[in-house]
Amino acid sequence: MRADDGDLSDSVYGRVWASARTEALTSEEAASPLARRPYDLRHAAVSTWLNAGVPPTQVAEWAGHSVAVLLRVYAKCIAGQEDAARQRVALALGLPPRDGST
């Protein structure tokens, strides 16, 4: 069933998503929270981009967020990257790389 604007209704979309999960995943995976909602895939993608070191401004653009929203929702995903950030600064300044200890 389509909504008045031509889009699928949430209930139809949910049923199709649930059916696709059952077809694509093993029974153990389907019983888990893995990709329970389409949003879970989006969240995983944004988290992966941030953890890969993609600048938050670029990730925000790709995700359709403002940088402020991105950082508020995903700040925990970029925690623990201090050593990598320091290495990038040292490289930009032409300093020798550090061993990662502080």
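Predicted model: local features only at pLDDT ≥ 70, side-chain atom pairs only at ≥ 80, totals over all residues.
**Ground rules**

I number residues from 1 along each chain as its sequence is written, and I work with heavy atoms for side-chain values, leaving out hydrogens and water.

**Entry: aromatic rings**

I looked for ring pairs among Phe, Tyr and Trp (the six-membered ring for Trp), with centres within 6.5 Å, where planes under 30 degrees apart count as stacked, over 60 as edge-to-face and the rest as tilted. The count comes to 1 aromatic pair. I noted it as W49 with W62, edge-to-face, at 5.1 Å centre to centre and with 75° between the planes. W49 lies in helix α3 (residues 38-51) and W62 in helix α4 (residues 56-63), so the pair ties together parts that are 13 residues apart in sequence; helices here are DSSP runs of H or I with at least four residues, numbered from the N terminus. For accessibility I used relative accessible area, with buried under 20%, exposed over 50% and partly exposed in between (1.4 Å probe, protein chains only). W49 is partly exposed at 28%, and W62 is also partly exposed, at 48%.

**Entry: salt bridges**

I then searched for salt bridges, meaning a side-chain nitrogen of Lys or Arg within 4 Å of a carboxyl oxygen of Asp or Glu. How many salt bridges does the structure hold? I found 2. In one, R37 is joined to D40, and the closest N and O atoms are 2.6 Å apart; R37 is partly exposed, at 47% relative accessibility. In the other, E82 is joined to R86, with 2.7 Å between the closest N and O atoms. R86 and E82 stand 4 residues apart in helix α6, which means they are separated by about one helical turn. Both ends have a partly exposed listing, with R86 at 42% and E82 at 48%.

**Entry: R21, and what lies around it**

Which side chain of opposite charge is nearest to R21? I found D40, 6.8 Å away, and noted that R21 is buried yet has no salt bridge; in this charge assignment Lys and Arg count as positive and Asp and Glu as negative, with His and the chain ends not counted. R21 sits in helix α1 (residues 10-24). Leaving aside residues up to four places away in sequence, I listed its contacts (heavy atoms within 4.5 Å) as E29, A30, S32, P33, L34, A35 and R36.

I recorded 8.1 Å between the C-alpha atoms of G14 and R37, which are 23 residues apart along the chain. S47, in helix α3, is buried at 11% relative accessibility. Beyond residues up to four places away in sequence, S47 touches Y74 and C77.

**Entry: a nonpolar surface patch**

Last, I looked up V89, L93 and L95, which form a nonpolar patch on the surface with about 300 Å² of accessible area together. V89 belongs to helix α6 (residues 82-92) and is partly exposed, with a relative accessible area of 49%.

Terms used. Helix = DSSP H or I, 4+ residues; strand = E, 2+ residues; numbered from the N terminus. Patch = residues over 30% accessible without salt bridge, like charges linked within 9 Å, V, L, I, M, F, W, Y side chains within 5 Å. Areas by Shrake-Rupley, 256 points an atom, 1.4 Å probe, with all protein chains shown as cover.
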